[in-house]
Amino acid sequence: MPGKLKAKIVAGRHLPVMDRASDLTDAFVEVKFGNTTFKTDVYPKSLNPQWNSEWFKFEVDDEDLQDEPLQITVLDHDTYSANDAIGKVYIDIDPLLCSEAATVISGWLPIYDTIHGIRGEINVLVKVDLFNDLNRFRQSSCGVKFFCTTSIPRCYRAIMVHGFVEELVVNEDPEYQWIDRIRTPRASNEARQRLIFLMSGELQRKIGLKVLEMGGNAVVGYLQCFDLEGESGLVVRAIGTACTLEKISTFPATATHPSNSSPSKDMKEPVFGEEAPGVPLSSGPPTPLRAQTFSSFSPSKSYSRQSSSSDTELSLTPKTGMGSGGSAGKDAGPLKALLKQQTQSALEQREYPFFTLTVFPPGFLLHVGGVVSARSVKLLDRIHNPALGNTRSYKLLDWNSFTADEPETRDAWWEEIRQEIKSHAKSLGCHAVVGYSESTSICEEVCILSASGTAAILSSRFMQDGPLDTELRLSQQPLCVFSTGSERVEGDMGSSASLGFEEVVSPGCGFCHIPYDELNIPFPAQLTYCYCCRRYKVPDVLFTTIDLPTEASVTGKGCLIQARLCRTKKKAQGEVNATAISNLLPFLEYELHTQLMNKLKLRGMNALFGLRIQISVGETMLLGLASATGVYLTALPSPGGIQIVGKTPSDITYEQHISNMQKKINDTITKNKELYEINPPEVVEEIIGSPIPEPRQRSRLFRSHSESSDDVSEIDLSHGKKDAFVLEIDDTDAVEDIHALLTDSPTPAGFYSCNTEIMPGIQNWTSAIQMFTSVRVFRLNANLTNQGLNKIFSDLCENLLKSLYFKLRSMVPCCLCHLNFTVAIPEDELIQVAVTAVALSFDKEQTLENGKQSGEKTPIKAITENDEQLQFNLELNAETSSSSISPKGLSEVGSHPSARAPSVDYSSFADRCSSWIEQLKLKAHTIRRGSVKTTSSMEKASPLPEGRSRSLRSNRSYSGSSVAVVKMTPLSFIPGAKIIKYLGIINMFFIRETSSLREEGGVSGFLHTFIAEVFAMVRAHVAALGGNAVVSYSMKECVFMENPNKNQAQCLINVSGDAVIFVRESELELTSVQPQSATTQTSNGGEGT
Amino acid sequence: MSVELDVFVGNTTIMDKEVYQLWLNGYTVNDAVKVRIEGGVMEECEASAEVLLSDTMDQYRTFQMCERLLHHPAKLANQLLFQIPPDRQAMLIERYYAFDDLFVREVLGKKLSKGTKKDLDDVSTKTGITLKSCRRQFDNFKRVFKVVEELKGPLVENIRQHFLLPDQLARDYAAIVFFANNRFETGKKKLQYLTFQDFAFCAGQLINNWTLGAVDNMMEDMDVDLDKEFLQDLKDLKILITDKDLLDQHKSLVCTALRGKTNVYNEMEANFKNLSRGLVNIAAKLINAKDVRDFFIDLVEKFIEPCRSDKWTSIDMNLYLTHYTNSAHILDTFKHHAVWTRYMGVIKSCILRLYHD
């Protein structure tokens, strides 16, 4: 009996009238856990019953505690007929199983009925007494913490990042069981809700076990999804990143002394120890928001390979290190290869070197290769065929007998895809995939499985095998440097530096540096030297699925960029259908990519973050929606313009038409640059950017670089061609593209938008936040062409955005962050778009100031940074190079003024095109792009706390309500506040059904109420845990079905997030004791009621 | 091609004051959109008519969902469905319970019954206020009436607590409830010149002085009904007009005091007995519920109109009533000083309020 669950039913309020005669209700409550049920007394004739029950005690296995929800049913007692159910409350007790999360659940929870919605509230108290039995063989994984947040949760520090965990469970969907024909919709809905609760509990427990096996204690970036496969079942699957986290015990003070608070970290002085103090850490002062959490990761002085007990690790896993050592001398770039191998070996043991994280501790992410994605089309009806021939017969079987092999089918599918992703990453020269996510789209029996992520090279610092590699690396280091000296392979200087000091030297631009071998690029790309450090190659454009690294240096502001696409397809069945879809997919992706690229260039930007491509399948069409946040990375070259070329040049009017369009495009680019404050340090870019540098420039250029490496000049010339995107106008697709480009309306004044966590260039957030969900369903006419569909779809998204801007106009100036679009085709001719995002308002005055500041400072800083790096290299490679990559040379170049001729090249579109299609043919849908990293704007936020707290105070007037305010946000933080405690994961699934659709205000009224109810239930459960906010909130599923003729509708919603307690920074300043008192207060409050 | 479903839900419920007012005013969505377009929101925010329509529909839906809660404002504060900041809640309630003076004049003093409700379309045509808005206002009156009818304690306070209304609005509702309960006639042509605030003022006077609650024991008594005992006692005042001597004496006292101080002295002197009879007769009849209803008509007919035709100013009126009240106390044989004071205090302030120059 490892656990005792205790529940007490205190009271109810606002109950519905169940007895028409008396206008009152005789309510009682059933409390059920597993197979045990308790009942309260009937509290007669009241809408606000006071049961004040005894403590109901359930003695259960902790395995059950994890799997089962506590089920509370409120009923109306009826002497003569059956008791009527008023509604139910499911309580996930998982948060109570972890010592660091909540201790009690206490508060008013909405009583929910799947037909009537919320019907009053019930006040309950729930506690768990866990008996410790940590050592026996367990099926449970109590105590493993789960976080939806895709970064290391604030107030924790990562000691180790173990890697990818995944699991899926399959069951029959109760909605499709034979019994569903004879039971009420309510019973069926409840069976479904309960089943999904059970399944997600089980899933979480299983993942927890895997984490414990790996030696971790937490799952970060936990992403759980449902696949409603209809007849073939219900799949609940989850992925996450296993970590070992350590709580940062006290507030800001200790955070700055990592060595103090983490005694487990063995400070190993590396070979270059003496130089360490001299190594300037360029990560700079982190933003105030992140400061406490992150500063602990970045040892402020030394790059010492701190790692937990490296010696033991070594003895435990001796095999990996040797391999990498042996192959160090591999051909072209031995050093680079070595660098890769070091962490690679750490990752090779893992089946999948994937990470669901999108934000990383400083120094963890070294290089980014580009986006990798894989899709596959599967037929669902095939699942049963091998095992049991007849679907009908299996339903009558005990499904436990075959569910055993069912997950394997799905597992195999996902395995396939993950393997593909892994190999894509490899072809980009990367050993890991970050910002990894998986999704499905199902239509009838066709299912598209998708996975995507960003290929990257990670530091071994946080990885299990890290210490081992470090040892190895250190011993090999001198050798490497030596070889560099003699061989002088291209870029090797860079590599050698990066080998030893990558993590220390260049957080600002390091992640943009290409991880792949530049002589063997897996796709056509134009490489240039990094615009920040000038030492390593960077690509012209970088696409990623991760958030913008905090330390990245960005010019100007970012914006949301979307590519939208609709493609019709013929109605078909089974295999034919699946083949048709998989044939369409590559083209869809290719076009989405082109659209993204065009839009990116139109905005004068060169990188995309948070890229999310969603492909949705319907019976007669495919929808593709790609969303990302565009930014201008200072380290990357300035994007070329868009060049329109006509193929039939003779006609004068035609040429005029083209030149008009060209003018329009150029104007838009200029306007956008102004709008997003993109004024890159032009001079620097000029030199490399212009196709044929003037002799003088060239010579200078040579001087600055030639000493460091002989072949730089050559490379510079070969990559000097400016990458202007060429659109050929008589290509109908191009016309469409241009149209799409120019119809995207700009965001209204005062608004910014992005789909990442933070908006570069804006820091001074006020505490005003507004999370919202908006859903639209659009009915199409039959027989639309692709173009027509595209336009409609695009307009739908645009109008939705416009509506959002209008709705939130009172928050101006504000930024819509984490704009998360989901598209679906619920029925033929219906398109559903759902958006969840948060609007954050910020202080305008300071923004301007800041903008100026960062605008002015960035280039300078970049140079200083280079300076540091260069000098550092100098010391390091004194024997090799004859020095003189002086900062002076750089600044000289930098200050050279020259008007930037709009140089446009009739280059690579066609090339890209063909190679693209080649790639697609290989079914390797690898959207790739380079990388970037620099230090800057983000960090400049630090001088702002004053302004922030001021605005906080002004917003404070809010409190006196009798219902506690619970903030919700899809972000992992709350501006102006500090999260002091994570209370556990919120993962809720609701079904709502109506057979009186008109009476409930039609489809909109129905869904509006339901979403509001879901919010209310999330808030209530968070408040009952003692929290005051949900972070990393997301609505993962919103399946809406209607049948207006029958006056019916049904909707399923799945939401998740992390319940937290936050404290305003202004309050923190006043009393550092506050948080403790706050928590005790909540638990006390629980006891009191 | 059409938008089939369009929903926006914020964690903090977004409510636009302007749209709320349009909704309260009973505008249809399309009319509201027109008004908003004319108001220039579109230019301000670079929006299109489509966006406005979507926003308006959405807001209307939110308000409809909230309406149920607004019927019991206390619930608004502890419901979980909408997260609304307290200041917003207060705004919602206040505006929901606000009413049009034009409308309230139409139903003031009428029984708040189904019959009256049926006649609301006439009221709507007459006042130009939409039927929907009329119904809301009427239902508000009725709801407040029903809740406080049976409650003990001070009327205004009860209303304020149960409906979380600001002080002034609570007083207005107290007046409406009081008028409805006593069925004061306010609709006659002669009373048309009076505003709701005039009546509300008088109601306040009556509630504070003539109800049971007005005398000591505030807690146990009710504010809605007039003090029966007091009404009974008022009959005793008849002596002021039935006793010839008293009447003459009273007149001469008042005339002496007023001589030379007013321009309408002659008219006053000539009319004294009529005026005095009017006021005292009103007092004496108040014991009959039917005559209570005519209280305001009587005041106007018997006193205000004669004075107005004689072109009294408010100052004249004030002077006259002051001395008229005070002189009665000097009369030797007049014993009912307390009742007289309680009666005349209210009458005087009411007349002064109702007398428009």
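This is a walk through a predicted model with chains A and B, from chain B to the interface and then to details of chain A. Residues count from 1 along each chain as its sequence is written, and chains are lettered from A in the order in which they are written. Local features need pLDDT of at least 70, side-chain atom pairs count only at pLDDT 80 or more, and totals for chains, interfaces and linings use all residues; side-chain values use heavy atoms, without hydrogens and water.

Start with chain B. It has 21 helices and one strand. Helices are DSSP runs of H or I with at least four residues, strands are E runs of at least two, and both are numbered from the N terminus. The C-alpha trace of chain B spans about 90 × 45 × 35 Å along its principal axes. Of its 357 residues, 51% count as buried. Buried means under 20% relative accessible area, exposed over 50%, and partly exposed in between, with a 1.4 Å probe and protein chains only. Chain B exposes about 15,800 Å², and carbon and sulfur atoms supply 51% of that. Accessible areas come from the Shrake-Rupley method with a 1.4 Å probe; for residues, only the protein chains shown count as cover. Among contacts in chain B with a separation of 6 or more, 70% link residues 24 or more positions apart. A contact means heavy atoms within 4.5 Å.

Helix H6 of chain B covers residues 86-97. Its 12 residues reach 17 Å from first C-alpha to last, close to the 16 Å expected at 1.5 Å a residue. The expected span is 1.5 Å times one less than the number of residues. Which residues of H6(B) are buried? They are Gln89(B), Met91(B), Leu92(B), Ile93(B), Tyr96(B) and Tyr97(B). Their cover includes helices H1 (17-24), H4 (49-70), H5 (73-78), H10 (131-149), H11 (155-163) and H12 (167-182) of chain B.

Now the interface. 39 residues of chain B are in contact with 54 residues of chain A. The two chains bury about 4,200 Å² between them, 58% of it on carbon and sulfur atoms. Buried area is the accessible area (1.4 Å probe) that two parts lose on being put together, summed over both. Five salt bridges cross this interface. A salt bridge puts a side-chain nitrogen of Lys or Arg within 4 Å of a carboxyl oxygen of Asp or Glu. Arg809(A) and Asp16(B) form a salt bridge at 2.5 Å, N to O.

Turn to the backbone of chain A. Most residues other than glycine have a negative phi, and most peptide bonds are trans. Val812(A) and Pro813(A) are joined by a cis peptide bond, with omega about -5°. Pro813(A) sits in the loop between helix H21 (786-807) and strand E28 (814-824). His818(A), in strand E28, has a positive phi of about 55°. His14(A) has a positive phi near 55°. It lies in the loop between strands E1 (3-13) and E2 (27-33). His14(A) counts as partly exposed because its relative accessibility is 22%.

Helix H16 of chain A runs over residues 652-675. Its 24 residues should span 34 Å, and the end C-alpha atoms are 34 Å apart, so the two agree. Ile658(A), Met661(A), Gln662(A), Ile665(A), Ile669(A) and Asn672(A) are buried in H16(A). Glu677(A) follows the helix, with a positive phi near 55°.
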